[in-house]
Amino acid sequence: MKIYNTLTRRKDEFVPVEEGKVKMYVCGPTVYNYIHIGNARPMIIFDTVRRYFEYKGYQVDYVSNFTDVDDKIIKKANEEGVDASVISERFIKEAQTDMQGLNVEEATVHPRATQEIDGMIAMIQKLIDTGHAYEADGTVYFRTRSYKDYGRLSKKNIDDLEAGHRQIQVNGEEGKEDPLDFVLWKPKKEGEPFWHSPWSDGRPGWHIECSVMAKKYLGDTIDIHAGGEDLIFPHHENEIAQSVCANGVEFAHYWMHNGFLNINNEKMSKSKGNFLTVRQISEKYDLQVLRFFMLSAQYRSPLNFSADLMDAAASGLERILTAIDRLRTMKCSQEPAPEDAAAEEKCRELVQKFEDAMEDDFNTADAVSAVFEIVKAANIHVTEQSGDKLRRYYLDEIEKLCNVLGIITEKKEELLESDIQALIDERQAARKAKNFARADEIRDELAAKGIILKDTREGVKWSRA
Ligand code: AMP
Ligand code: ZN
């Protein structure tokens, strides 16, 4: 299996640290809002990578964090006049709902930064003790030049970086020895959440959290570290520097980065405000369609989101699900037909094609094409005259491959009318009580199940999407 490794800038053969196991860490979202469809890209891609490893028989330890302390979370909490944890708890729950809708498997561990402070303090202390970090006025900085391979991942030259940094003087960072140094711990400001530490009451920098959580849950050297390409520098570069200096061994063997999801050919980001949330998409589409859309492109290429491409993904997905439905309900003969052996061989070849695509740096675009070819072959070769063994063979293989892609092949259970009415009544009661959060939640819950509500003069009407 070959993986494009940002560290080497080529496709490297995958050799695990421990035979039969994969230790994988994926940088998760900062939870101050609903996740947007760009955040969904790494979630879907790396979940598919995990699923393919599992299909090949590996045991995968998959760790993905929630960054639940950060300037943006604190800002939002201050705006709402609540504790930062109220914001992060709320959006962790919402992210989990969306991830479920996207059929992203539960991580082995989903650590949260705020629950790992002790580990961060210990790693920072170790870095200070070994001369890789220093304290100035309650702030602890990493001494970037103390790590000789700094810039190896992002291919940046440390002297060029230095020149770029010289003009930038950040307030409160006067104690920095070198503009290249970055923060490991910072003292609290008024109104901010804080933890006690030997240096000040304060909170950790962002980079240290991932180094600590990866070490705690996966070990000093892991197989794969992944995230969006925007994280290569400085986040992942800094993670490497911290981990290697604290642990004395290589941090991750393979660095995988997904390309960006753009919208109308423009970079989409929370800070720009031109983003679509997964929740908004779920009002119009089954989230399986979003997943299928993402997998129809190579993960390292930029991908442009558009309604046309989503509609194409919806009809492609429908084609697969219809074929599965046909195979499930079809009555075939007990006896094999003479042409069944060739048809089975055809399926085997196409499954191989799927695997070859996945083995080539998880080329899901080609893997999806192979699934379409199998579906086409099933529609042609599996008929009522075929033996039942052939029908089962095609069905099993298509189901297995859909499972690797994370596509749910079971028909969605439809909500009963009485359940829908009960939820509508509860929503009306919540609105009356001015509990609009709960009312919106119910509307979203129904939307996720394909039930559209319409407020009319005669009361609330509903329809199935
Ligand atoms: P953030 O919440 O910004 O820290 O992002 C969480 C994850 O989503 C990281 O792996 C980012 O690289 C990734 N990400 C953010 N925006 C996009 C985007 N537009 N396209 C693809 N990945 C993204
Ligand atoms: Zn990270």
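H257 touches T6, F46, L153, G227, G228, E229, I232, H236, Y299 and R300, leaving out residues up to four places away in sequence. The residue sits in strand β10, which spans residues 252-258, and counts as buried at 6% relative accessibility. The model is a predicted one.

**H257 and its polar partners**
- The side chain of H257 makes a polar contact of 2.7 Å with the side chain of T6.
- A second polar contact, at 2.8 Å, joins the side chains of H257 and H236.

**Ligand 1: polar atoms and cover**
- A nitrogen atom of ligand 1 lies 2.8 Å from a polar backbone atom of L261.
- A nitrogen atom of ligand 1 is also found 3.1 Å from a backbone N or O atom of G38.
- For N39 the side chain is involved: one of its N or O atoms is 3.2 Å from an oxygen atom of ligand 1.
- On its own, ligand 1 has 490 Å² of accessible area, and the protein covers 90% of this.

**The zinc ion (ligand 2)**
- Which atoms coordinate the zinc ion? The donors are SG of C27, SG of C210 and NE2 of H235, at 2.1 to 2.2 Å.
- Along the chain, these donors follow the spacing C-x182-C-x24-H.
- C27 is in the loop between β3 (21-26) and α1, while C210 is in helix α6 (residues 206-218), so the pair ties together parts that are 183 residues apart in sequence.
- Both C27 and C210 are buried.

**The F233-P234 peptide bond**
- The peptide bond that joins F233 and P234 is cis, with omega at about 0°.
- P234 is placed in helix α7 (residues 232-247).

**Positive phi outside glycine**
- N264 is a residue other than glycine with a positive phi, near 50°.
- N264 is located in the loop between β11 (261-263) and β12 (266-267).
- Is N264 buried or exposed? N264 counts as exposed because its relative accessibility is 66%, above the 50% cut-off.
- F362 is not a glycine either, and its phi is positive at about 50°.
- The loop that holds F362 runs between α11 (340-359) and α12 (364-381).
- F362 counts as buried, since its relative accessibility is 2%, under the 20% limit.

**V104**
- V104 lies in the loop between α3 (84-101) and α4 (117-129).
- The relative accessible area of V104 is 12%, so the residue is buried.
- Not counting residues up to four places away in sequence, V104 touches M43, D47, M99 and R291.
- V104 and I442 are 338 residues apart in sequence, and their C-alpha atoms are 22 Å apart in space.

**R391**
- Helix α13 (residues 388-405) contains R391.
- R391 has a relative accessible area of 11% and is therefore buried.
- With its neighbours within four places in sequence left aside, R391 is in contact with L327, R328, M330, C332 and V382.

Definitions and conventions: Residues are numbered from 1 along each chain as its sequence is written. Chains are lettered from A and ligands numbered from 1 in the order in which they are written. This is a predicted model: local features need pLDDT of at least 70, side-chain atom pairs count only at pLDDT 80 or more; totals for chains, interfaces and linings use all residues. Side-chain values use heavy atoms; hydrogens and water are left out. A polar contact is a pair of N or O atoms within 3.5 Å; within protein, one must be able to donate a hydrogen and the other to accept it, and residues adjacent in sequence count only if both atoms are side-chain atoms. Accessible areas come from the Shrake-Rupley method with a 1.4 Å probe; for residues, only the protein chains shown count as cover. Helices (H or I, at least four residues) and strands (E, at least two) are DSSP runs, numbered from the N terminus. Buried means under 20% relative accessible area, exposed over 50%, partly exposed in between (1.4 Å probe, protein chains only). Contact means heavy atoms within 4.5 Å. Donors are N, O and S atoms within 2.8 Å of the metal (3.2 Å for Na, K and Ca); water is not among the atoms, so sites may look incomplete.
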